[in-house]
Amino acid sequence: MAELSNQLVAAAVLAYLAAMICYAGEYAFGKRSHIGKAASRPARQLVGAGAPVPDDIVSDDPPPPARRDRAELTGRIAVGFNALAVLLHLGALVTRGVAADRMPWGNMYEYILSTTFVASAVWIGVVLARPAVRHLGLFAALALVVMLGAASLIAYTPVGPLVPALNSYWFIIHVSTVIVGSGIFLIGAVPAAMFLIRNGYDEGKRRFPYTLGKRVPEAAVLERLTFRLHAFAFPLFTFGALIAGPIWAEASWGRYWGWDPKEVWAFISWIVYAGYLHARATPSVKRTVATWIALIGFVTMLMNLFGVNLFFEGLHSYANAG
Amino acid sequence: MTIVEERPAPPAAPPPRPSRRIWALLRNSWRQLTSMRTALVLLFLLAVAAIPGSIFPQRAVNAEKVTQYYTAHPKLAPWLEKLGGFEVYASPWFASIYLLLFVSLIGCVVPRLIDHVRALRIAVPDAPKRFGRLPQHSDEWSSSLTPAAAAGVIAKQLRGRRFRTKVREQEDGSFTVSAEKGYLKETGNLLFHISMLAVLIGVGFGHWYGWHGNRILVGGADQGFCNVLPQYDDSSLGPRVDTADLPNFCIKLTKFDATYQTTGQPKTFSATVSVTQDGGAAETRSFTVNDPLRLHGASVHLLGHGYAPILRYTDRYGVSQTKVVPFLPVDAMQTSEGVAQFPDVNIDPKTGKRDATLQMGFEGRYLPTVAKDGSATSAFPAENDPALYLTAYRGDLGLDVGTPGSVYSLDQGQIATGELKNITGTRPHPMRVGDTWTLDDGSKLEFLGTRPFATLSIRHDPTQSLALAGAVLGLLGLMLSLWGHRRRVWFRALPGRSAVSGGTLLVAGGLPRTDYPGFPDEFEALVKTAEEGTP
Ligand code: HEM
């Protein structure tokens, strides 16, 4: 089972890579316009409340139909690969859990595997709900490949039982909510970054990376998606990291908060994302500034996922594996 | 998310008179402090200020690491110490940031709270003259009801959808229905921010009125422990806690169970103790990692465990002493290190004087399972094949002078000066349970067995439930605030211009007061039900 799980991870990475290549293909061939048209079924709602995505994004010179069809097809194949990758990713988690005979969140490797799965599942949900943002798939898949690769290379840990400190239902609640919250935060960085790029492009910037903004959805759509994902993840993360975590820590270590490096970085992420929500709620703060704060939040999340485990030593027993 | 609505700009300050200048300055600073921009900057500063605490060892987390840091960076460490680098979260600069943030928070929340209470008490404002300017507006439709009846029907529908609703009759005989929903958003926002204050108070009081201590508790009735400070290995009382405030209880470890995976990974730990509280009868209680022993005014947490060898030393005059000494685990397989010190031995019965050069110390390792390859570390954490490896020292243990040293190692200073001599050579002497080791002077050491010990952390935090309640309420408020939407709708019922008496023309307008993409759909649905209700 453990072997199978590892193979599934490798297969998932390959599928993400394939999706990435197809997204890139569509990106290279395509124009926004037909993506918008392909999307012209009623926009369904995401986790929170949904915003209809304007599909009236018009391009000035439509590409020749053959090219358009090819791009369209490539895009659909990309989504197919992406969905396949999500299933393989899920399979890897399940087999890992079966092999270990517990929830697959016992150490840093499994934690990253789970978090990236959530990110990926939310992403595919967003794409299916709003095909208009499909062009971001290239970047989402890239982020996933990098993170999964890093997890396998840096953090791989053989299957083992939970140390007794992790054997508690509060642990399950804590880790699952933190994983879901972090996963959504992570994927929220993709529209955030693309919003900044698109916005720069709209303002006339033509250097790399702004050139990437040419074919992504409208800035306002990206910005709103960014906000939605973050506004959904924030309470989850608050519950997981700042309520369930301390409850478990109190039972396990006797203190609900002890400024262990993992706790410090969860606190930092939380404060930064609170800053993002504030900035976004303040009319005098530009949306670009607010979105930069969300990206800083992303960096702190990465620090929490990888950095803290690698650089610091704390009480979080799963942090020391790897 | 309040985009549509912003607090009105403060009126321009009057021309400064000298007496007023200070007042104006104060007022301006206050306004500055309670602005959202300041809140943002303070939030950001707080995040940045928290970083060093994860980089440098923190005394409150692990004091030993701080000592190690001093040895590793002798130049840098004193500087860091001055800057509060080892106690970041108790440092004045960290405190000043969060205190400012909370002052700003109060300054922000109180006016909003007042505004909100006011908004909840006054009626929803009347409809604007023209609906065409509103983000949402409907086409006109006609109804055979009278304007008053139509307005009544619509108001009832809106109330049924939990809108706050107000019907007004206008001078021209028309009726308007004003309705607003989503007050919970602001309520939630206020609840969230006020809860943050509750959390801060809970945390702060916990720091002042809480206490904690650590203790290694060796199994056996003779090794009990009572909750008084001198019996702790280390402890820390909050500034407002007096030793007399500590609750009165005693515990004895009667049993310790540990089970392991074949790889040596621990599966379960469980400690069974006999407890007496406030002088009552002894009870038997079990507790484990994640499931602490809750006593009146304290909880006892199981952090770790280990083995304490039982050693009997019989000195050259035939007098024997038995000690049970906990050896501290140094790895996951319970390779343990420790010492047994016998300062009051080899006392000549003729003179009755203690000879400081004849004290005995034994230092070494305990391996619960000797590795087949003969390495000096344990191969498994349970006692499958236990052995003790000891080196014997004779001389002055250095216990009578100076500061109390560690009870887990011999005084290296005494060894260095030769006051304490190794008398058995470099190879430690191996002992199995039951073995007797006869030393050069005819004295003997017997290894009688081991007892388990539990590492306990005993704590009390009187306000942790306040912090928890604050956090839970805060989360509730946060969800209401983030996921709620405030919006207004108006309906106008005009007496029909047509000849048909009683005919009414109806029209509706809507205003989302926050960024709410679902509003057009909702508005459409409201208009549709209104149309259906007013045939
Ligand atoms: C302990 C520090 C603070 C935290 C963690 C925090 C967190 C938050 C969060 C997460 C929101 C988003 C809720 C929403 O968008 O509706 C929010 C909104 C808000 N916060 Fe704070 N906040 C803090 C301090 C402050 C301070 C100091 C002020 C005043 C200067 C303030 C004023 C506001 C206002 C006015 C909103 C509502 C924005 C709106 O929707 O109109 N907050 N806060």
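1. How much area is buried between chain B and chain A? About 4,400 Å², and carbon and sulfur atoms give 68% of that. Buried area here is the accessible area (1.4 Å probe) that two parts lose on being put together, summed over both. B:Leu40, B:Ser54 and B:Asn290 supply 14% of the area that chain B buries against chain A, more than any other three residues.

2. A word on the basis. This is a predicted model, where local features need pLDDT of at least 70, side-chain atom pairs count only at pLDDT 80 or more, and totals for chains, interfaces and linings use all residues. Residues are numbered from 1 along each chain as its sequence is written, chains are lettered from A in the order in which they are written, and side-chain values use heavy atoms, without hydrogens and water.

3. Contacts come next. 55 residues of chain B touch 55 residues of chain A (contact: heavy atoms within 4.5 Å). On the chain B side, the residues are 33 nonpolar, 13 polar and 9 charged; Gly counts as polar.

4. The two chains share 1 salt bridge (a side-chain nitrogen of Lys or Arg within 4 Å of a carboxyl oxygen of Asp or Glu). B:Arg294 and A:Glu250 form a salt bridge through their side chains, at 2.7 Å, N to O.

5. Now A:Trp248. This residue lies in helix 7 (residues 219–253) of chain A; helices are DSSP runs (H or I, at least four residues), numbered from the N terminus. A:Trp248 counts as buried because its relative accessibility is 2%, where buried means under 20% (1.4 Å probe, protein chains only). A:Ile172 is 76 residues from A:Trp248 in sequence and 9.7 Å away in space, C-alpha to C-alpha.

Technical notes:
Helices (H or I, at least four residues) and strands (E, at least two) are DSSP runs, numbered from the N terminus. Buried means under 20% relative accessible area, exposed over 50%, partly exposed in between (1.4 Å probe, protein chains only).
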